[in-house]
Amino acid sequence: MRRFLLVLIVLLWTSQACFAAVELSREGKPPQLLSEVYHHQGMPYLAIDDVLPALGLRGYWNSVAHQYVISTPSGKATFFPGGQYLKLGERFLPITHPARFIDGRLRVSENFVLEQLGTLLPYALYYRNLDPELAVPESSEGALDKLFAFLLQKKKASTEPALRAVAIDPGHGGEETGAIGLNGVKEKNIVLDVAQHLEKQVKMKLGIPVYLSRNDDYSLSFDQHLQSARHDNVDAFLLLHAQASLSPQPHGIHLYVRPGEDSFSASMPSAQDKPSSMMLALRLSEALRDAGFQVQEVTQAPLLPLVPGDLPTVLIELGYLSHQGDYDLLTREDGQARLAAALFAGLQKFASQP
Ligand SMILES: [Zn+2]
């Protein structure tokens with residue numbers, strides 16, 4: 001079998017961006033940024049419909065045969081979700097990480113792109129993972145050795161203890177608008193946007209379930225707002241809100257936990273401590289501050305008596321819709337994404353050092 005040159009560059013992403021993303025292109029063409037990177041058991045997955053155009057290839061889903069067909073310079077190649085091989089003419093190329101439907105799209109592993117697609121192409125493929133967590137230590141080995149070191153390292157990373165699932169309650173909904181801010185912006189819409197950004201981050205980077213108490217604009221009973229937290233595997237529960245004040249001055253993020261919860265262990269962490277709401281709130285507030293957001297002290301407030309008593313639960317007031325700076329942040333897509341990324345970083349800190 002002919003072997004084609006694989007160009008693999010894994011570098012640290014030097015900016016502040018903390019989103020998973022990869023750059024992909026065929027040799028000599030400008031790199032395409034693919035920002036939808038889902039992680040499944042430590043392996044990045046990319047939508048096949050994003051990957052092929054970046055490589056100058058075309059393909060389609062054959063819903064009758066239930067398989068995906070790629071037109072390549074060497075002929076038609078087919079594979080199917082969960083399949084262990086890529087079929088090219090009479091050849092069967094083994095697939096170590098099968099394609100799968102994740103969040104509504106057929107996605108292939110990074111390994112599939114580098115190994116199988118790399119083999120099919122008569123030109124070199126440029127691939128660069130921009131996720132700082134996946135950076136590889138310096139080594140003097142060749143490109144292929146580096147590739148294997150890179151994949152092995154990620155396998156190890158995937159075994160770290162992580163959250164099993166996260167529940168998010170975007171406050172209010174339907175006729176219950178919540179706070180009304182500048183230009184009539186409604187809290188219920190802002191918190192849903194941020195919740196959906198966070199949901200995507202968690203699904204993409206951790207590959208774990210995210211339960212939203214609502215994913216559209218409808219009203220919920222008090223009990224329904226808490227329903228998402230009642231799944232057995234939920235390890236953290238975030239309630240998202242935003243506020244508005246008559247005065248234009250108040251601004252910044254506030255985090256609230258139930259009173260009486262082990263504030264003692266929060267100030268003196270030890271290995272025996274169970275994850276608590278205070279721990280979660282502290283990790284979130286550190287991550288938000290690290291990302292440049294203004295965060296007030298964690299406050300204890302009576303809330304949510306019905307949530308299972310020991311489930312780490314934090315209510316987050318994301319900002320003041322009546323404050324121009326907060327308004328700009330919370331109503332802009334990139335601001336919402338940045339906020340969600342910081343909350344995600346907090347959840348990750350919580351999972352790794354609760
Ligand atoms: Zn609210």
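A: D103 is partly exposed, with a relative accessible area of 42%; in this scale buried means under 20% relative accessible area, exposed over 50%, and partly exposed in between (1.4 Å probe, protein chains only). The model is predicted, so local features need pLDDT of at least 70 and side-chain atom pairs count only at pLDDT 80 or more, while totals for chains, interfaces and linings use all residues. Residues are numbered from 1 along each chain as its sequence is written, and side-chain values use heavy atoms, with hydrogens and water left out.

D103 sits in the loop between β11 (100-102) and β12 (105-109); helices (H or I, at least four residues) and strands (E, at least two) are DSSP runs, numbered from the N terminus. Its phi is positive, about 50°, although D103 is not a glycine. Most residues other than glycine have a negative phi. H66 also has a positive phi, of about 55°, and is not a glycine. H66 lies in the loop between β6 (58-62) and β7 (67-72), and at 47% relative accessibility it counts as partly exposed. A positive phi, near 65°, is found as well at G207, which follows helix α4.

That helix leads on to the metal site. The zinc ion is coordinated by H172 (NE2), E187 (OE) and H241 (ND1), at 2.0 to 2.1 Å. Donors are N, O and S atoms within 2.8 Å of the metal (3.2 Å for Na, K and Ca), and water is not among the atoms, so sites may look incomplete. Along the sequence the donor residues are spaced H-x14-E-x53-H. H172 and E187 are both buried.

The burial of E187 goes with that of its helix. Of the 20 residues of α4, 14 are buried, so the helix is largely enclosed by the rest of the structure. Its length can be checked against an expected span, which is 1.5 Å times one less than the number of residues. For the 20 residues of α4 this gives 28 Å, and the end C-alpha atoms are 28 Å apart, which agrees.

K203 and E199 both lie in helix α4, four residues apart, about one turn of the helix. E199 is buried, with a relative accessible area of 19%, whereas K203 is partly exposed at 23%. Leaving aside its neighbours within four places in sequence, E199 is in contact with I168, V210 and L212, where contact means heavy atoms within 4.5 Å.

Other charged pairs follow. D223 forms a salt bridge with R230, the closest N and O atoms being 3.2 Å apart. D223 is partly exposed, with a relative accessible area of 35%, and R230 counts as partly exposed at 31%. R332 and D334 meet through their side chains in a salt bridge of 2.8 Å, N to O, and D334 counts as partly exposed at 43% relative accessibility. Salt bridges that share partners join E36, D50, R105, R107 and K200 into one network. By the rule given above, the count comes to 15 salt bridges.

The surface also has a nonpolar feature. F80, Y85 and F92 make a nonpolar surface patch of about 270 Å². Patches are made of residues with over 30% relative accessible area and no salt bridge: like charges are joined within 9 Å, nonpolar side chains (Val, Leu, Ile, Met, Phe, Trp, Tyr) within 5 Å. F92 lies in strand β10 (residues 91-94) and is partly exposed, with a relative accessible area of 47%.

As for the whole chain, the protein has nine helices and 19 strands. Of its 354 residues, 49% count as buried. Among contacts between residues at least 6 apart in sequence, 69% join residues at least 24 apart. The protein exposes about 16,900 Å², and carbon and sulfur atoms supply 54% of it; accessible areas come from the Shrake-Rupley method with a 1.4 Å probe, and for residues only the protein chains shown count as cover.

Technical notes: Salt bridge = Lys/Arg side-chain N within 4 Å of Asp/Glu carboxyl O.
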